[in-house]
Amino acid sequence: MTGILDQARAVGDAVLYEGYLLYPYRASARKNRVRWQWGVLMPPSYASQERGEYATSRTECLLEPRKHTSVHLTLRFLQAQERLVHDGHGFVDAVTVGGKDYTTWDEAVEHELTFVVPVAELLAQPVELPFSVPPAETRECVGDHCTLVRRSAELTGVLTARLDALDGPFGGTRLRVDLRNTSTWPSDGGRESALRRALLAAHVILAVDSGHFLSMLDPPEWAKPAVEACVNERVWPVLIGGSSRSRVVLASPIILYDDPSIAPESPGELFDGTEIDEILTLRTMALTDEEKREARATDPRAAALVDRVDDLPQELLDRLHGTVRYLRSVTGENPEPPADPEVPTDPVPWWDPGADASVSPETDGIVVAGVRVAAGSRVRLHPNLRGADAQDMFLTGRVATVRAVLSDVDGDTHVAVTLDDDPGADLQNAHGRFRYFSPDELEPT
């Protein structure tokens with residue numbers, strides 16, 4: 001199970017640092033004034049529905065355990081740690097020592113706590129698992145009587161786990177895990193102060209040494225009513241290492257599909273929400289020397305990122321531009337006839353609509369359940385949640401109008417639609433902004 005847990009941690013690391021730093025990665029950047037957006041559990045005295053801040057999260061998922069199964073709960077989160085610059089006379093925003101800049105900044109400290117509880121105990125009664133992180137202060141002399149002072153507050157919290165047998169003849173259980181931040185906050189400031197007593201990007205890896213979890217996106221038919229009864233607040237459980245069942249689940253504060261993984265083309269973390277590696281890498285390359293110097297002074301991770309981009313070989317940059325996973329020309333499928341050397345040709349790029357005059361998305365159609373579906377047809381949506389965007393689950397049963405039928409370079413068909421009950425449907429159609437589904441996800445109406 002080590003490989004699956006490594007995969008869970010790799011995805012968890014991406015969750016931990018999603019939005020930790022935003023391009024252009026400098027403390028002076030306005031977008032870095034508002035940080036810590038994902039999985040933030042505030043101290044109870046600050047949390048409120050009016051503020052849109054919460055102290056708790058809950059995940060519920062289905063588990064088919066065996067007689068002697070134990071559940072491993074690994075809690076992972078970041079803690080905001082103040083890094084203050086003291087120039088020998090007082091605290092300052094920044095200082096330069098020996099040609100190197102040092103900046104006041106809130107760093108992140110990773111924490112990981114693991115608990116193991118036998119299923120028999122969880123079935124008997126809820127099990128509370130309290131935890132704490134002690135306060136700390138360190139000092140680092142950087143020369144010329146200048147010092148970096150790092151301070152972190154005490155954090156406390158509790159994980160509560162329980163297991164309930166499902167009704168019916170199929171067996172199975174519902175695992176519920178509640179996470180609560182119980183840290184005190186002295187109300188001596190605003191959100192920035194409260195964040196230093198918050199659990200940041202908090203998520204839980206659930207694993208069993210025997211038995212397995214069921215998919216919440218594509219459960220077996222008998223389990224669907226139990227899945228619909230599950231309550232998940234501020235986290236969503238996804239399988240790791242499987243798309244229908246697995247021994248590992250990641251309760252993530254970001255909605256993911258089952259069995260997520262890190263793209264092999266990515267050269268490393270870019271810490272930016274909805275990051276697009278190539279664009280951010282090129283933009284980082286375009287920073288001036290002074291901007292790169294400020295980025296390096298902001299955070300060690302920003303410094304490592306800038307250094308990695310500066311040293312990125314051209315072949316790795318080329319990989320970010322796109323990955324060809326299938327080529328008809330390689331397989332020999334549908335080979336093009338040899339060109340007539342007497343006839344001048346004007347090559348058309350493969351991505352240009354004129355490359356294949358036989359394709360007409362506005363008039364092409366496809367047969368679904370014996371009915372031809374084309375632009376203007378009305379269909380009911382039944383998203384196949386295995387491998388699809390997890391947010392498509394909210395579109396199940398909605399009626400939509402087909403706007404185009406398209407084929408990609410792999411030969412697969414995609415149907416572009418707009419939702420009939422969306423007041424912006426006409427505007428989206430005018431701008432060519434559609435939702436895309438495969439034919440087996442549609443029901444003609």
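Reader: How many helices and strands does the protein chain have?

Author: First, a bit of background: this is a predicted model, where local features need pLDDT of at least 70, side-chain atom pairs count only at pLDDT 80 or more, and totals for chains, interfaces and linings use all residues. Residues are numbered from 1 along each chain as its sequence is written, and side-chain values use heavy atoms, with hydrogens and water left out. Helices (H or I, at least four residues) and strands (E, at least two) are DSSP runs, numbered from the N terminus. Counted that way, the protein chain has ten helices and 23 strands.

Reader: What share of the residues of the protein chain counts as buried?

Author: Buried means under 20% relative accessible area, exposed over 50%, and partly exposed in between (1.4 Å probe, protein chains only). The chain has 445 residues, and the share that counts as buried is 44%.

Reader: Is Arg83 buried or exposed?

Author: Arg83 sits in strand 2, residues 70-86. Contact means heavy atoms within 4.5 Å, and leaving aside neighbours within four places in sequence, Arg83 has contacts that include Trp105, Leu148, Thr298 and Pro300. Its relative accessible area is 5%, so Arg83 is buried.

Reader: Which residue has its backbone oxygen 2.8 Å from a polar atom of the Arg83 side chain?

Author: A polar contact is a pair of N or O atoms within 3.5 Å; within protein, one must be able to donate a hydrogen and the other to accept it, and residues adjacent in sequence count only if both atoms are side-chain atoms. Here the side chain of Arg83 has a polar atom 2.8 Å from the backbone oxygen of Thr298.

Reader: Which residue caps the N-terminal end of helix 7?

Author: Look at the backbone nitrogen of Arg301. A side-chain oxygen lies 2.8 Å from that nitrogen, and the residue it belongs to is Asp299.

Reader: How wide an arc do the buried residues of helix 7 cover around the axis?

Author: Helix 7 spans residues 300-310, and its buried residues are Ala302, Ala303, Leu305, Val306 and Val309. They are on the same side of helix 7, because the arc they cover around the axis is only 160°. The arc is that of the directions from the helix axis to the C-beta atoms. What covers these buried residues includes helix 5 (277-285) and helix 6 (289-298).

Reader: How many disulfides does a search of the whole structure find?

Author: A disulfide is a pair of cysteine sulfur atoms within 2.5 Å. A search of the whole structure comes up with zero. For Cys141, the nearest cysteine sulfur is that of Cys146, 8.0 Å away. Cys230 is too far for a bond as well, because its sulfur is 7.2 Å from the closest cysteine sulfur, in Cys61, so the count stays at zero.

Reader: Is Cys141 buried or exposed?

Author: Compare two cysteines here. Cys230 has a relative accessible area of 12%, so it is buried. Cys141 has 60% relative accessibility, so it counts as exposed.

Reader: Where is the place of Pro43, and how far is its C-alpha atom from that of Arg197?

Author: Pro43 is in the loop between helix 1 (2-16) and strand 1 (56-64). Its relative accessible area is 0%, so Pro43 is buried. Leaving aside neighbours within four places in sequence, its contacts include Trp185, Ala194 and Arg197. Pro43 and Arg197 are 154 residues apart along the chain, while their C-alpha atoms are separated by 6.3 Å.
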